[in-house]
Amino acid sequence: MGLCLPPCRRGPSGRGVNVTTSKTDRPGGLNAYIAVTAAYWAFMLTDGALRMLVLLHFHSLGFSPFTLAWLFLLYEFMGIVTNLSAGWIAARFGLASTLYAGLTLQVMALFALSQLSPIWAMGVSVAYVMAVQGLSGVAKDLAKMSAKSAVKLLAPTGQGGLFKWVAVLTGSKNAVKGLGFLLGAGLLGLIGFAPSLIAMAVLLLVILIALIRFMPTGLPAGSKSAKFSQVLSKDGRINRLSLARMFLFGARDVWFVVGIPVYFYGVLSDSAAISERAAFFFVGSFMAIWIIAYGAVQAWAPRLLNARMRSEADMVHKAVVWAGILTLVIATLAILSLFPGPLLAPLLVAGLLVFGFVFAVNSSLHSYLILAFSKAERVTMDVGFYYMSNAAGRLLGTLLSGFSYQQGGLALCLATAAAMATASWLSMGRLAKANCAS
C-alpha cells in the first residue's frame, strides 16, 4: 500500500483542523434541516422499493441480466445530467425549489410506471421503463443534492459537527433505502407490481403536500448572479475526490445492481423447497439488510474514526487506508467465486457484509470531505459536481454489472468490482499527495 501516505500535519490554526466554535444557525435552520431530512427519507423509501420492484418483476418475466441492466441505465445517466445542473439551479432558485421538484417528479414516475401494460412488446416495455426510470433518476438527484447541501448550510460544525451531521443524514438515508428494498420485494409478492407503485405514489404525494404547506424557514433563497459556468470546480482536491467517488460506487454497483441479486435468486429458485415468492423475499431481505447495515455504519463512522480529534488532513489519510482495505476485500471475494460449491453462497453473504462495512466507512469519509473542501458560497455546485461523478460511477457499474455477469458469471462480475476499487484507491492516493502539497 505504497500510496497510504502519512497524514500531513498542520499547526493549530492550519487549514483543515476542526474549529471548536459552531456557526450561528439561520432562523429556523434546525427545523428546516429536520423537514428536509424527513422528506429525503420518504423519497429514498420509494426509491429503494422501486428498484427492487423493477429488478425482480422483470427478472421473473424472463429478462436477461444485460437487459435488466439497461432498465437502469437512463436512471443513472440522468443522474449525471441532473447533478451537473442541479447545483446551479439550487444556487439560482433556492434549495426548497429543487427539493419540491424532486418529490414531484418521483410521484409522476411512480404513477407512470404503474401504467405499463403486459401486452406491450418487449422492446416497447424496455423503452418505456427506461424513460420512466430516467425521470426517477432526475428526481432522486434533485432531492439528494438539496438534502446534502442543507447539511453544509444549516448544521453546526464545531467539534466534528459537520462529519457527524453528514454521517447521520447519509446513514439514516441508506437505512431507509434498505427498508425500501424490503418493502418493494414484499409488496411485489403481496399485491403485485402496479398496485405497489400506485400506493407509493399516493404516500409520497401526501408527504409533498404536507412539506409545501408546513415547510419552515431556514433554507437559503437563490441568487440570480449564479452562473452555469461556475459548476465545474477549479479545486484539484474536489476533482480527485470526485474521480475516487466514481470508481468507489462503480465497484459497488457492478455486483449490487444485477449480478448478486440474479445469482442469489438463481440459487434460491433452484431449490424445490423455496417458492418464487419466497425467493423474491429472501433476495429483497438480503439487499435490505446490506443497505440498512451500510447506513448504520455510515452513521457510526465519525465515532469509529474519532473524527472530533482529527484534522482534515488526517481524514484524507484515513480515506486512502480504507480504500486499500476495500480493494483487498472485494479481490478476495473474486478469488473465492472461482471455486463454486455449497459453501460459496454463505461465504459471499459474509464477505459482502464485510465489504458493506468497509464501503460505508469509505462513503462516509467521501461525504465529509466534499463538504469540508467546498466553500459555503458554492456548496450546491461543488456537491452537484461531486454527485455527478457518483452517478457516473453508478452508470458504469450498472452497465458492467449486467455485461460482466452475462459474459463471465459471478467471478468476472466481482473481478471487475475489484479493478474499480483499485482505481478508487489510486485516486485517493493522488488526492492525499495534492492535499499535503497545497
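Student: Which hand does the crossing of α8 and α11 have, left or right?
Tutor: Left-handed: that is how α8 passes α11. Keep in mind that this is a predicted model.

Student: OK, and at what angle do the axes of α8 and α11 cross?
Tutor: Roughly 150°, and the axes of α8 (residues 259-269) and α11 come within 12 Å.

Student: Which residues meet there, between α8 and α11?
Tutor: From α8 you have I260, Y263 and F264, and they meet L344, A345, L348, V349 and L352 in α11. By class, the residues of that contact are 8 nonpolar, no polar and no charged.

Student: Switching to α10, how do its axis and that of α11 cross?
Tutor: At roughly 160°, with the axes of α10 (residues 312-336) and α11 (residues 344-373) coming within 9 Å. An angle over 145 degrees counts as roughly antiparallel, so α10 and α11 are roughly antiparallel to each other. Their crossing is left-handed. The contact of α10 with α11 has 26 nonpolar, 2 polar and 2 charged residues.

Student: And α7, how does that one run against α11?
Tutor: The axes of α7 (residues 236-256) and α11 cross at roughly 155° and come within 11 Å. That makes α7 roughly antiparallel to α11. The crossing of α7 and α11 is left-handed.

Student: What does α7 bring to the contact with α11?
Tutor: Among the α7 residues are R237, L241, F249, R252 and W255, and on the α11 side the contact includes L352, F355, N362, H366 and F373. The contact of α7 with α11 divides into 13 nonpolar, 4 polar and 3 charged residues.

Student: Now the holes. How many cavities of 30 Å³ or more turn up?
Tutor: A search of the whole structure finds 7. The largest cavity has a volume of about 190 Å³.

Student: What lies nearest the centre of the largest cavity?
Tutor: K173, N174, F249, R252 and R394, out of 24 lining residues. F249 and R252 belong to the α7 side of the contact with α11.

Student: Which helices each supply at least two residues of that lining?
Tutor: α1 (29-60), α4 (122-154), α5 (161-190), α7, α9 (276-304), α11 and α12 (379-437).

Student: How does the lining of the largest cavity split by class?
Tutor: It has 9 nonpolar, 5 polar and 10 charged residues.

How values were computed: Residues numbered from 1 in each chain as written. Predicted model: local features only at pLDDT ≥ 70, side-chain atom pairs only at ≥ 80, totals over all residues. Heavy atoms only, no water. Axes fitted to C-alpha atoms, helices over the stretch in contact; angles between N-to-C directions. Helix = DSSP H or I, 4+ residues; strand = E, 2+ residues; numbered from the N terminus. Parallel < 35°, antiparallel > 145°, perpendicular 65-115°, else oblique. Left-handed = near helix turned anticlockwise from the far one by under 90°. Nonpolar A, V, L, I, M, F, W, Y, C, P; charged D, E, K, R; others polar. Contact = heavy atoms within 4.5 Å. 1 Å grid on protein atoms, 1.4 Å probe; cavity = no way out; pocket = protein on both sides within 12 Å on 5 of 7 lines; lining within 4 Å. Points joined across faces, edges and corners; volume = space filled by probe spheres on them.
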